[in-house]
Amino acid sequence: MFHKSFIRRQLTRSRQQTVVFVLCVVLSMVTLIALDSFSRSVNESMLMDARTLHAGDIIIHSHYDFSPTLDDAVGSLVKQGLIQAARVYDLYSVVRTAGDKDSLLVDLKIVEPGYPFYGAVELKSQRPLEKVLTQGNIIVEQGVLDRLHLQAGDTLNVGEATLMIADVVLHEPDRPVNFFSLGPRVFVSSRDLEALNLVQKGSRVDHLYLLKVQDPGNVDRLAAELRDVATPDRERVDTYRTAGSRIKRFFDNFLFFLDLIAIFTLLLAGIGIQSAVTAFLQEKEKTVAIMKAVGATNRFITLQFIVVLCLLGLAGTVLGVLLGFFLQNFLPFVFQGLLPQNIRTGISGWAVLKGFFLGVFAVAIFTSLPLYRLRDLKPAVIFRKEETGNRRGLPFYLTVLGVVLVFAAMILWQLRDVRIGLYFISGVGVLIALATLLSEAVLLSIRKRKIKSLPLRQAFKGLFRPRNATKAVIVTLTASLSVIFSITLLDKNLDANFIQSYPEDAPNVFFLDIQTSQLEAFSRELGIQAEYYPVVRGRIRSINGEPVDVAREWQRRGDNLAREFNLTYRDYLLKDEALLQGESLFRTGVEGVQVSVLDTFAEANGIKMGDRIAFNIQGVPLDTTVVSIRTRTKEFIQPFFYFVFQEKVLKAAPQTVFTAVRLPPREISAIQNRMVASFPNVSVIDLTETVQVFARILGKLSGITRFFTLFSIIAGVLILVSSVLATRFVRTQETVYFKILGARRSFILKVLTLENGILGLLSALIALLLSQAGSWTISRWIFDIAYHPFPLWSLLMIFSTLALVVAVGLVSSISILRQKPVIFLREQTEE
Amino acid sequence: MTILEAQQLTKTYRLGDREICVLDGVSVAVAEGEFLVIQGSSGSGKTTLLTLLSGLDKPTSGRILLEGIDITDFKEEELAPLRNTSIGFVFQSFHLVPSLTAIENVMFPAELRHDHDAEEKANILLRRVGLLDRAGNFPHQLSGGERQRVAICRALINNPKIVFADEPTGNLDSSNGKAILDLLLELQKERRATLILVTHSQEIARTSDRIIFLKDGRIAAHGLGSHQGGRDGFSEQHHVS
Ligand SMILES: Nc1ncnc2c1ncn2[C@@H]1O[C@H](COP(=O)(O)OP(=O)(O)O)[C@@H](O)[C@H]1O
Ligand SMILES: [Mg+2]
């Protein structure tokens with residue numbers, strides 16, 4: 001059945017195409033395994049031990065003080081010895097140095113003894129937390145000391161208390177990374193809670209009960225019991241298994257995003273595999289034709305080549321696995337700053353297995369088409385010297401359709417999210433279709449043109465050479481470049497809008513949690529004209545009678561409906577608001593409670609005029625009707641509210657006041673010091689600083705994305721190499737003939753450079769066009785920021801692409817350029 | 001006047017640890033406008049001699065002078081323009097550029113030297129060989145004889161001083177071959193080019209000015225073609241031993 005010597009010969013001949021094929025397999029394997037292993041490492045070292053991540057078995061969360069019923073229930077369980085409990089308060093507050101000279105927004109965590117039940121808070125002194133965090137002591141992150149120029153032993157004013165810095169915290173189990181935080185951590189003992197006087201009615205505090213259940217088998221039962229007595233919509237009872245975590249959500253989302261990029265790379269590597277196999281089999285055309293002429297069946301021939309490709313695929317897979325592990329060790333450097341320092345990167349057998357299957361699967365899919373074409377090869381090929389185009393019949397298109405469908409199914413399986421999977425597939429589909437269409441159009445218009453310059457004309461002839469994978473190269477390069485270009489352009493635009501030049505008119509300081517009773521004094525003290533927004537917190541219970549499914553909402557990527565919303569009330573539109581639907585913000589003469597919804601929320605959740613939204617405002621149900629949809633006309637740093645109510649509806653509800661003002665940058669810290677000295681409970685957020693933090697994370701993320709997208713560029717480069725190799729004979733022939741006819745080396749180099757230059761330029765230009773359009777759309781419609789096209793950067797990107805493609809083209813043509821005419825001619829004549 | 005002169009050319013190839021001497025001290029001088037035929041059995045070194053004379057390859061020793069200038073040590077960059085303007089080639093297996101049409105093939109050498117009349121000249125030549133209506137065809141759309149006629153046009157477009165033709169009829173049937181050789185000779189006469197032709201045809205050899213007979217890498221005999229009024233065949237007195 002297997003013809004061993006035949007197979008061996010196929011493996012050893014046309015070595016270069018087999019190398020390209022193997023490299024494409026390696027590329028897809030590396031991408032899959034490195035990323036999968038890495039996400040597994042992240043999960044294991046940060047997220048897998050959910051009990052440590054939550055520091056307890058059961059977590060009860062509320063934005064308000066716990067209800068007496070719940071308090072009692074917890075208390076009685078403690079008394080029965082079934083659980084241990086510790087309360088935790090998490091809030092932002094501005095702390096001040098002695099004499100209120102300097103101030104800093106910090107993330108306060110007030111903890112009762114017992115916290116954390118799992119994992120440990122590591123201190124610089126290596127002492128245990130409970131020994132250090134006694135009454136009157138605080139433990140701070142190094143950043144607090146650095147920024148306030150303090151050291152251990154100094155005091156700090158927190159709220160209305162003056163406390164001593166006793167130690168520095170290095171790591172806390174329930175916050176493995178802290179880049180989401182607006183300020184550094186400060187631990188305070190619950191014994192100082194009263195003295196701080198920060199936890200007041202309406203202020204923004206996360207109240208937590210951490211419970212440790214003595215008998216692990218009881219966790220779910222006790223959680224259910226507590227859930228029964230908890231105030232619905234307000235007190236969330238979760239076990240460590242069901243509790244969401246912001247960090248987990250972030251990494252889930254980010255790893256998911258990287259998954260998309262991996263699949264994108266897999267797709268492009270797949271195109272590479274296909275073009276290498278096509279070239280490989282084309283080189284075997286004569287052999288196959290001779291075999292057919294002497295009576296070999298299609299089955300037999302296909303089987304031999306399947307064995308050949310399997311062996312090569314196996315080699316690529318093994319190499320890819322090895323390289324994946326190797327690369328994986330470098331990933332933590334790429335991710336530096338985003339992950340805790342101590343992250344373990346381990347070899348995951350599962351990742352290898354999964355990568356292996358996906359890789360083999362991809363190879364099978366992408367080789368099927370070229371293999372299928374072998375069937376159509378007629379023995380008559382032996383007598384034909386020149387190329388003829390491949391006829392494409394119905395079976396061909398059916399096979400193509402099959403390949404697309406199978407690959408789409410694979411994507412859906414890998415992403416496990418049908419909606420986003422479909423978006424992704426259509427996105428990639430549109431991208432590739434656009435790239436194909438544009439390149440096709442340009443190539444067609446070039447083909448029709450009469451060109452005077454000889455080298456240029458030759459270069460274009462080269463592009464249309466039979467077997468040249470010109471279109472495949474352009475499409476893959478364009479697709480991967482579009483992604484990289486877009487990320488770069490967006491990165492630059494965000495940077496230009498917020499980092500380089502913080503918008504002139506945008507507010508740069510937020511004051512949160514002003515009590516209504518403080519409003520007058522606060523306004524006087526601040527001394528500048530400002531808009532004060534009342535903030536009432538509430539949840540959505542149902543939309544048009546459809547209750548919000550809390551469990552499902554927390555699983556959702558992006559925003560979720562089960563979270564707490566900030567509601568406000570006023571009877572007028574703001575300066576930066578406009579009505580999209582509805583004649584006025586509210587209507588007169590309408591029964592019931594009216595609400596105005598922001599367009600972004602309405603679009604994301606399919607809310608229309610007249611829809612009924614039922615709210616729960618701190619225990620009070622409120623059924624509303626949507627009477628207008630607003631949009632914002634300014635940049636996204638302006639404060640905004642999804643829901644606006646009429647004043648009369650919410651005026652009496654428990655509320656705080658929020659304001660956003662523009663302060664001269666140099667005075668920010670002085671004003672902050674002054675305001676928090678008088679109003680210790682008010683949180684001050686310096687947006688310019690926040691934006692820097694945001695920008696740093698963003699830069700990191702875009703860097704990582706670019707890193708992984710580079711893999712897809714490699715796929716494009718491999719296709720280019722394979723294409724040059726596939727046309728090696730014709731290229732050598734031409735080069736030799738040109739030399740004989742008296743062409744200098746400079747002429748031949750010029751033609752080659754032009755040919756690859758056109759290829760690179762076309763890909764880069766199309767990619768730039770697509771990415772400019774894409775980034776413009778995202779900037780204008782999603783970020784709401786002014787768009788800069790960054791012509792210099794665009795030029796740079798085009799030139800880098802040009803340089804890359806020309807260099808790759810030249811390097812893969814070295815053997816062609818070196819060919820001695822006499823030797824080639826002799827070989828040709830002997831034929 | 002001598003246009004091309006070879007002095008004591010030798011060419012050896014290394015095959016493993018064996019040295020093969022293909023040409024062994026060949027000297028020959030070709031006069032301007034001369035029609036020289038090189039003959040010899042297969043493997044006697046005819047093609048090798050042609051590649052050395054035309055500067056496509058370097059001799060192991062000996063010198064080559066083109067119009068009195070020693071081009072033996074010319075670099076490829078210096079030889080290329082010489083090949084372009086002073087030399088034309090016609091090969092046994094045509095060697096047309098497959099991606100170029102007939103007229104583009106013919107024009108190519110002229111275009112390389114930025115000749116603005118390339119197209120016009122190519123048209124004149126193609127009309128002359130009766131292929132004007134096939135100008136837009138690609139080589140694979142032409143028969144062997146037609147391809148060779150295109151190759152001849154290409155060899156002549158820059159009005160080279162010397163045309164090298166290595167068994168130009170080797171891949172053609174006899175009637176086609178005869179027509180091609182007649183055409184080549186006619187054109188050579190018209191343009192007063194020097195023609196160095198490798199052929200097995202005795203009939204053609206008889207019409208030449210001179211015949212060189214190669215054997216074992218040496219010139220075994222000189223002969224005069226009937227054209228010069230000499231006897232048929234080789235004159236023993238010219239025999240070099
Ligand atoms: N590159 C080479 N390496 C080794 N031997 C060669 C090479 N090129 C030519 N030869 C040998 O040189 C001899 C002369 O070849 P050639 O000039 O083609 O003869 P002809 O054209 O008269 O048939 C032959 O025996 C051939 O095998
Ligand atoms: Mg020969």
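**View 1. Salt bridges link chain B and chain A in this predicted model.** The rule finds 2 salt bridges across the interface of the two chains, a salt bridge being a side-chain nitrogen of Lys or Arg within 4 Å of a carboxyl oxygen of Asp or Glu. One to look for joins the side chains of Lys461(A) and Glu104(B), at 2.9 Å from N to O. Side chains of opposite charge can pair when their charged atoms come close. Polar contacts also occur here: 10 residue pairs between chain B and chain A are counted, both residues at pLDDT 80 or more. A polar contact is a pair of N or O atoms within 3.5 Å; within protein, one must be able to donate a hydrogen and the other to accept it, and residues adjacent in sequence count only if both atoms are side-chain atoms. On the side of chain B that touches chain A, α1, α2 (76-86) and α3 (102-112) each supply at least two residues. Helices (H or I, at least four residues) and strands (E, at least two) are DSSP runs, numbered from the N terminus.

As for the files themselves, residues are numbered from 1 along each chain as its sequence is written, while chains are lettered from A and ligands numbered from 1 in the order in which they are written. Because the model is predicted, local features need pLDDT of at least 70 and side-chain atom pairs count only at pLDDT 80 or more, whereas totals for chains, interfaces and linings use all residues; side-chain values use heavy atoms, with hydrogens and water left out.

**View 2. Chain B and chain A bury about 2500 Å² between them.** Buried area is the accessible area (1.4 Å probe) that two parts lose on being put together, summed over both. Carbon and sulfur atoms give 62% of it. In chain B, Glu77(B), His95(B) and Phe108(B) lose the most area to chain A, together 23% of what that side buries. Contact (heavy atoms within 4.5 Å) involves 28 residues of chain B and 23 residues of chain A.

**View 3. Ligand 1 sits in a site shared between chains, because residues from chains A and B surround it.** Arg826(A) is one of the surrounding residues, and chain B contributes others, including Tyr13(B), Val22(B), Lys46(B) and Thr47(B); a residue is near the ligand if one of its heavy atoms lies within 4 Å of it. Helix α1 (residues 46-53) of chain B gives the largest share of this shell, 3 residues. Look for oxygen atoms of ligand 1 at 3.3 Å from a backbone N or O atom of Ser44(B), at 3.0 Å from one of Gly45(B), and at 2.4 Å from an N or O atom in the side chain of Thr48(B). The protein covers 71% of the 560 Å² of accessible area that ligand 1 has on its own (Shrake-Rupley method, 1.4 Å probe; for residues, only the protein chains shown count as cover).

**View 4. A salt bridge within chain A pairs Arg185(A) with Asp90(A).** Their closest N and O atoms are 3.6 Å apart. Arg185(A) lies in strand β8 (residues 185-189) and Asp90(A) in strand β2 (residues 83-97) of chain A, so the pair ties together parts that are 95 residues apart in sequence.
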